[in-house]
Amino acid sequence: MIKEKYYISDFCSIRDKKIFKNGDQLHIDLESDNLKDFAKGVYKFLELKYPKFHKMDELCKLGFLASEVLLKDREKVDRDTALVLSNRSSSLDTDRKHQISIQDREDFYPSPAVFVYTLPNIIMGEISIKNNLKSENAFFVTENFDTDFMSNYSKILMNTGKASNVICGWVDLDNDKYDVFLAFLSKKGEKELTKEELNNLYNQ
Amino acid sequence: MKKVYLIADNIISPLGFSTEENIENLRLNKTGIKKVDDDDIWSKPFFGAVIDNDKLSVAWNTISNDSVYTKLEKMMLLSVSKLLTENPSLDITKCGVIISTTKGNINSLRGDSDEKAYLASISKTVQRYFKLDHTPVILSNACISGGLALAVGKRMIQSELFEDVVVIGGDLLSEFTLSGFFSFQAVSTAPCKPFCKNRTGISLGEAAASAWLSSNKKNVTEEAISITGDASANDANHISGPSRTGEGLFISITKALKEAGIESNQIDYITAHGTATPYNDEMEAIAFNRAGMKSVPINSLKGYYGHTLGASALIESIIARHCLINNELFASLGFEELGVSEPINVIDKNHKKELKRVLKTASGFGGCNVALIIEKEVS
């Protein structure tokens, strides 16, 4: 059994056109009327200069932006920081776009630029590239954010030395409805990592 | 750390509906890849490894009369049912269950209701069918899913979340995936030829498999085979192209060896990813050379099964277990002449060899890589 204590050092969420970090509202955008514009607005708000962002699908944009918010005030991120993400809808948002492109045999136009995003773990690839994280990745699909399993699995990675820290969370997008929550887990912090605490912060 | 044993397994593939039948066909160097003429998958004939629907129906009817299940669900449920029948002491209701799949019931996107396209629907189906106490967790991590699921299972057992874990893997050869790989111009016009100079891309396949992991040695009935090391690392380089230096794979291998407490020269056999795309095979050859493994016998089983995505690394690990038990190696089907820039020792003929340790690797989109050390206990 894991006896060592781990902590939720930082956490953030993107929901209903608002961004929160450690419980404080960081950004609100009530003007944008679609996710693409909202994501662009957050990109500008964070003053990012990262052309790869514009090639990402909407799910990756959400996960990527949340990781930028989460890691914003850190000078550098240890390259053994693992990524353990989950959601309900996998990559269905982009799967549907690929499906539309192959639905009609007479009008058949599958694109590699779309197809590559038909896997949910691509989000972690994008975050790894940006932060040079050559670390453990795992993407789980569950009906709801399973804080019991996710906190256990994150602890296992740190406890077995497979990761120094873990970015753990929920990045879901389905038919324009999105829900994003990330937590930075490490040996430092004030909020002890338990499934209850993770659940509380997710539901804030 | 607790030892985690690979106790038993099953494979449902075009090469058979039991592990034994699969092994028999590997011994005969038979491939499941053939010219497929099925308008439901593709408008023109193509090379792939598909499970015959009639054969699956016959096998399915031996366990159930219920036809509400999709092809993939039938493959997975059949695989686990066979595993349970052959291992009466396995009580799956108390086990941790991990399901590895990349696209699940993706064909459901073509119909009126896409409810089954949600991957968690498979989790519910499996839980209901086997009346499980715990909801299975789905791992969807591109082409390393099956190997990573074994690693996750091992870690869960070692952290005492469960004493036993069942890993289930499966994916279909779908129009969805095939069209995507065609758009990348990555599909071979003949059965795929991993590591070969004449390789022209992948062949896709479909399969399901299941494996029982346990820390309880009493469950071991054949030779004791355990997973002694595992690691995964991202390339942090490109989302669809493998790293030119094999960085993530090299890190994965190094860390897995370290956990197993062995050096690279103690590996007797590598069962590689070997998709037969030009860049993937090249990247693997570079990583194996960096790890000091250029002379270790190596094969890819993609020439037998095609690339079965979420099932592939699980099936290849299961075959590795049986290679260890039987002390045998299978030819890397499709290989004629080395077609990578760094030397590797591709197995060209089936042969007997005393084996103690196997390295299993996989790499996938998103820059992900995994390495497992599978080891035989010598009494």
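Which handedness does the crossing of α6(A) and α7(A) have? The crossing is right-handed, a term used when the near helix is turned clockwise from the far one by less than a right angle, anticlockwise being left-handed.

The model is predicted, with local features needing pLDDT of at least 70 and side-chain atom pairs counting only at pLDDT 80 or more, while totals for chains, interfaces and linings use all residues. Residues are numbered from 1 along each chain as its sequence is written, and chains are lettered from A in the order in which they are written.

**View 1. Axes of helices α6 and α7 of chain A.** The axes of α6 (residues 147-159) and α7 (residues 195-202), lines fitted to C-alpha atoms over the stretch in contact, come within 9 Å and cross at roughly 120°, on a scale from 0 to 180 degrees between N-to-C directions. The pair is therefore oblique, the class left after roughly parallel (under 35 degrees), roughly antiparallel (over 145) and roughly perpendicular (65 to 115).

**View 2. Residues in the contact of α6(A) with α7(A).** A:Thr147, A:Asp148 and A:Ser151 of α6(A) meet A:Lys195, A:Leu198, A:Asn199 and A:Tyr202 of α7(A), contact meaning C-beta atoms, placed from the backbone, within 7 Å. By class, two of these residues are nonpolar, three polar and two charged.

**View 3. The setting in chain A.** Chain A has seven helices and eight strands, taken as DSSP runs (H or I, at least four residues; E, at least two). Buried residues, those with 20 or more other C-beta atoms within 10 Å of their own, make up 50% of the 204 residues in chain A.

Methods:
Contact = placed C-beta atoms within 7 Å. Nonpolar A, V, L, I, M, F, W, Y, C, P; charged D, E, K, R; others polar. Buried ≥ 20, exposed ≤ 12 C-beta atoms within 10 Å, placed from the backbone.
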